[in-house]
Structure formats: C-alpha cells, structure tokens
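The sequence and the three-dimensional view come first, and the main points follow.

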Amino acid sequence: MARPVIEAPPTTPAGTWLEGEELARRAAARTRRKRLALLVAGWAAMLGIWQVAAYYLPFGTLPNPLEVSVEMWEIVASGALVSDFLASVLKTFAGFGVAVLIGAPVGYLMGRYGYWRAFFLDGVTVAGTIPALTYAVLSLIIFGLSNLGPVLAVALVSTPYVALNVAEGIRGVDQNLVKMSQAFGRSPQQIRREVFIPTIVPYLFAAVRMSFAVAWKVEALTEVFGGTNGVGFQIRTRYQLFDITGVIAWMALFIVFMLLIERLLLRKLEQRVLAWRPEERAAR
Amino acid sequence: MAVLTVNDLCKTFGAGTARSNRVLDHISFDVRGQTFVSVVGPSGCGKSTLLNIISGVETHTSGDVSVTSDEGRPARLGYVFQDPRLLPWRTVRKNMLYVQDKDDDQARRRVSTYLDMVGLGQHGDFFPGQLSGGMQQRVGIARAFAVEPDLLIMDEPFSHLDAITARGLRAQLQDIWAQSRKTVVFVTHDVVEAVELSDRIIVLQPGGRIFEDIPIDLPRPRRQSDPAVATLQAEVLARLEKMKAITPQAATAV
C-alpha cells in the first residue's frame, strides 16, 4: 500500500531471496520507527488542544487531561474496570458469535448458488444499510433492561458484514485450484478444507475488523440506554451524577481497551493465520 | 501393454442444435506403458478437449477411453497444468502431500525424492509466493510425478514460461522421465518441443482427426543443439506444412 510520506527509501537490490527478505525486514523496521514518531506527535497535538480547550471553556464543562487520567487511574485501581469491561467485551463477542453463526452460512449460500444469492441479496443489503442506532433502539424495545439487548444489537449490526464478505470470499475462490483438486481425485471435504476455507479466512477477518469498529460503539450505546452493567451503563450512571470527568474517563478507557483488542488481538491473530501472504511476511 | 486406449472417440459440442460443433472425429490410438507421447496440432484442433475427456473432466459423445493400471487397482492420473496451480496458503511440501492419497512415510519420501529431482530440495518449506514462476512450475511437475501416476497428463506446461526457463525445464523433464519412465501424454502446440521430448507424436488436424502418427526414434538424452534433433524437427515441421496445404483452416495456426 502506498504511504508516500513515510515510505522507506529504495535500497540496493538483493542478491538472493533470503537477502531480499532481510532487506525487506530492515526497511519495514525503519518505516515502523518513522510511523511511531508521527504517532507520538499526533497524540501530543491532540492532548495539547484538549488542554487549551479545557482552560478556556467555562469551569466544569470540560475537565483537563490530567484530571481525566487521575479519574481513569481510580477506576482502574477500584477494580470496577475489570468487571464492567469484561461484561461489555463478553457481550460484544457473544454478538459476534451470533453474527458469524448466521452470517457465514448465509454468505456461503450466497457465494455458492445464484438462487440463494437472489433470495438473500436485497435483505442483506437493506440490513447492512439500516443505521446502527436503529438496531440499538430496536434491541432495547425487544429486550428492555437486560444484557440481551446489547448482544442482539451487535449481532444485527455485524451479520450483514459477515454475510457479504463470506459471499465475496466464496466467489473469489480460484476455480483452477478446484479443478486441480478434482483432477487429483480429492474429495469434496478435502476441497472445502484446503481450498474454500483458506480463501474465505481473509474475508472473514476483514468482516470482523470492519464490523468491530461499529459493533463496540453500538454495544456501549445500547448499554447506555438499557444496560444493567458494562461500560455504557457506567457512562450513564456518571452522566446522571453530572460527573463529566467520570464520563470522559470511562469513555477514554473504553477506547483504549477496544483499540488494544483490535490492534493486538485481532491483528496478531490475522498475521498468524495469514502468514503465507507476502504482505504479511514483509510486515513481520 | 497399453495404458491408455482411445477407441473411435467422438465429441460434439451442442449436438443436435444449430450450433453443433464436432471437435473430435473418430479418434483411435493407444499408448503403451513407459512411453512419452505428444499430441500436437494448431489451436482449436481439439487437443484440450481430448485431454479433458481422458481425465474425465469432460464427457464424450461416442467411443471409448480407458486408462488401465498394471496392478488391477483403479488407474491413478497425474496432471501438470499450464499454470502451476499450487495452494498459496500451503508450503511446497504440503502442496505435494495434499494430492497424495495417504500422508505416510512413503508419501513423504516420494515428495522429497521428486523435489530433489527438480532441484528444489531446499525449498520444501517455502510458500509458492516466495518462488519464481519457473520454480512453481517445477513444483507442479514434481507434484504430478510424486503421485506415481499410471498416466501423466501434461497440458502445455511450458507455454506460460519465458524461452530460457522453458528450455531448462524441458531438459529437467527429460532427466526425471528417464529415471521414472512414467507414461506421459503431453499436449503442446510447439513441434520443436514435441520432437525433443517424445517417443511418438500424434498430430491432430482442425476438425479433430488424426493427421499423422510419427515415431521419434532418437537416442536420449536429446538436446536442442544436437543436429539430429534439429534435422528431425525440420522434417516434422515440413510434414505439418503439408497439412496446411490440405486443410486450409490450419494455415493460420501451427
């Protein structure tokens, strides 16, 4: 992918394949260092603007970064973080589980058979276009004050992503590999395991990462309105107490936590599973 | 004993319709064990269709095709395609094991043996994406030999490679074949290549008939620089010129 500003300069050509791999690794490390520097600069600018805004706004409207970080530390130290985050994360992943269980078979049918595609396509497209907020409200109406609301909201938001991506993945299966497998007498099960599933996996990761960005926001939102625990619930409680510092602290912790899950957990898992792709090897 | 028998084979696409197109017209030949037979002909003469019928991917309209094994079990076929057709998410070794019936010590030994033969013994743990096109095609060749096929089908395996790589691979194929003596049906549009590799050349003409069946009786190993090979190549080409004169459709091809 082209990242013009921080692209590494061209290096001397490699002699052997192993040398090439080594050069690529070194170039990648250089690129990583530059990227880190820019990242730090970006954060510093953001905190600076926040600090200035907190100073000039009327007292009590916006706490400054230090106050928020103290509050964040207190939340972490009190232990509330673990139980409420765990509740939110579990609900998000339960919703994902439902989305994969429903979306993957639907996507498989859509990718494999024209009739099923015709049957599902409009429904899935419409479901993917409905705003996430609508799903949150709908889930609340159905389940009221309960933990099932957020799960349903996440499932509804994520299912279309999963279905469409899996369908795309199945359609992207290299028919030449299927023919090769048949020519060598491989069974349908073997072809499914060795050709179809490995083709879908990158698409499934893309679906999960794409919907994760929306899903955790919907999950928190649903908790704000109708949760009995979790991060959204905590944000609502603080809001009712007019505790802006608490609201922002919880929100910031939530963002940090979800970014960690996305960057560390999902990304690392993807790198591991997709190690055969040249772009994954270069990034390692 | 004949490994491949093709008897009075016909194939018509869209039979009975206005667009009915006969691509194979009463073809009969058989291939004895341990011989290397090339099928050459201009494009559109039915070479690929013939291969697809032999491999069972396509049905035929009438006639018989049979592949026999010498041990009474169902015949095993090996394939080399125009492109390597390797699973990009499996290493070279796993790719070769994928088409083996059993993943046991014997299979592993065979895989190693043929990988060594194509000069890729050190590359078993590489992913296909880490190899050049020529190396990938060598894996494809090793994979096909490693299933120990009764009949090995090769469908223009060098047509997508550059001339120098293709020349190297032809030499390597001759060496492997000399050691393993598998029965091979090799489809190509390149007469020069066919003369270098084969014991016998079956020439198809447009319309799907056998134009000529030419035995190639030259000592092996053959190299393109060898004058005897060059002479025979010229002679076979001259005979194909004759075909162009008889069948005008062929004039644009070959």
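**Where chain B meets chain A**

The side chains of B:R90 and A:E194 form a salt bridge, with 2.7 Å from N to O. The model is a predicted one. The points below describe the interface, a residue of chain B and an annotated part of chain A.

*Interface of chain B and chain A*

- The rule finds 2 salt bridges across the interface of chain B and chain A, together with 9 residue pairs in polar contact.
- On the side of chain B that touches chain A, β5 and α4 (133–146) each supply at least two residues.
- β5(B) gives the largest share of that side, 3 residues.
- By residue type, the side of chain B that touches chain A divides into 13 nonpolar, 4 polar and 5 charged residues.
- In total, 22 residues of chain B are in contact with 19 residues of chain A.
- About 1900 Å² is buried between the two chains, and carbon and sulfur atoms give 66% of this area.

*Residue B:T91*

- B:T91 lies in the loop between β5 (77–80) and α2 (92–98) of chain B.
- B:T91 counts as buried because its relative accessibility is 13%, which falls under the 20% cut-off.
- Leaving aside residues up to four places away in sequence, B:T91 touches B:G124, B:D125, B:F126 and B:F127.

*Annotated domain in chain A*

- An unreviewed UniProt entry places the feature "domain: ABC transmembrane type-1" at residues 85–266 of chain A.
- Over residues 85–266, chain A is 88% helix and 0% strand.
- The end C-alpha atoms of residues 85–266 of chain A are 17 Å apart.

Terms used. Residues numbered from 1 in each chain as written. Chains lettered and ligands numbered in written order. Predicted model: local features only at pLDDT ≥ 70, side-chain atom pairs only at ≥ 80, totals over all residues. Heavy atoms only, no water. UniProt positions renumbered as here; feature names shortened; annotations may be inferred. Helix = DSSP H or I, 4+ residues; strand = E, 2+ residues; numbered from the N terminus. Buried < 20%, exposed > 50% of the residue type's maximum accessible area, 1.4 Å probe, protein only. Contact = heavy atoms within 4.5 Å. Buried area = accessible area lost by both parts, 1.4 Å probe. Salt bridge = Lys/Arg side-chain N within 4 Å of Asp/Glu carboxyl O. Polar contact = N/O pair within 3.5 Å; in protein donor to acceptor, adjacent residues only side chain to side chain. Nonpolar A, V, L, I, M, F, W, Y, C, P; charged D, E, K, R; others polar.
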